[in-house]
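Q: Hi! Could you walk me through this one while I have it open?
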Amino acid sequence: MSSIPFDLTKIKAFILDMDGVISCTISPLDQNGMPMRTVNVKDGYAMQYAVKQGYLVSIISGGYSQSMHERARQLGIQYITMRARDKVAKLNELMMETGITLEQIAYIGDDIPDIPVLERVALPVAPADAVPEVKAIVKYISPYNGGEGVVRDVIEQTMRANGCWHIGEGFGW
């Protein structure tokens, strides 16, 4: 039973912000002052499993991390945009390239730069620790914080609603 108040059978794509969604909002800094982003292995499992089951998984982030880019590639994510200044333009490019439509997209975002995309997609989602402006406009607020299971929450509920969670090969990522 899903706690997301939406017909999840319509969702064919998961588009994710990086900082505060895939990784925690608090990150240690490296010796150059750059954030060392975290990953949640359960989120990672869900992302690679969704890809294997035919879902589109994409990252559109204003941030940049070579290690996160490599991690996404290892999970099978093909559409990775970092340093995005205009997330809506990147969303439109992704839709043109893949044929996915706004009605098929779940987008998880946590902060002000995500709002223009959240306002357009069928299923706008926020982690529990998103800013109030984001929480005010989404259809679902996950009980999980960014980097702590929000991605798994949304992907698993969607795939369960579509009868494709826990079937087929999920390992080898």
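Q: Is Tyr49 buried or exposed?
A: Tyr49 is buried, because its relative accessibility is 1%; buried means under 20% relative accessible area, exposed over 50% and partly exposed in between, with a 1.4 Å probe and protein chains only. Keep in mind that this is a predicted model, where local features need pLDDT of at least 70, side-chain atom pairs count only at pLDDT 80 or more, and totals for chains, interfaces and linings use all residues. Residues are numbered from 1 along each chain as its sequence is written, and side-chain values use heavy atoms, with hydrogens and water left out.

Q: And what about Tyr45, buried or exposed?
A: Tyr45 counts as buried too, because its relative accessibility is 19%.

Q: Which residues form the aromatic cluster?
A: Tyr45, Tyr49 and Trp165 make up one cluster.

Q: How many aromatic pairs does the structure hold?
A: Four. Rings of Phe, Tyr and Trp (its six-membered ring) pair if their centres lie within 6.5 Å; planes under 30 degrees apart count as stacked, over 60 as edge-to-face and the rest as tilted. In one of the pairs, the rings of Phe14 and Tyr55 have centres 5.3 Å apart and planes at 40 degrees, so that pair is tilted.

Q: Where do Phe14 and Tyr55 sit in the chain?
A: Phe14 is in strand 1 (residues 13–16), while Tyr55 lies in the loop between helix 1 (41–52) and strand 2 (56–60). They are 41 residues apart, so the pair links distant parts of the chain. Both residues are buried.

Q: Switching topic: where is Gly149?
A: Gly149 is in the loop between strand 6 (140–141) and helix 6 (150–161). Gly149 is buried, because its relative accessibility is 8%.

Q: What does Gly149 touch?
A: Leaving out residues up to four places away in sequence, Gly149 touches Asn40, Asp43 and Tyr144; contact means heavy atoms within 4.5 Å.

Q: Last one: what sits over the ring of Tyr64?
A: That's the charged end of Arg83, 3.9 Å from the ring centre. A charge sits over a ring if NZ of Lys or CZ of Arg is within 6 Å of the ring centre and within 35 degrees of the ring normal.

Key. Helices (H or I, at least four residues) and strands (E, at least two) are DSSP runs, numbered from the N terminus.
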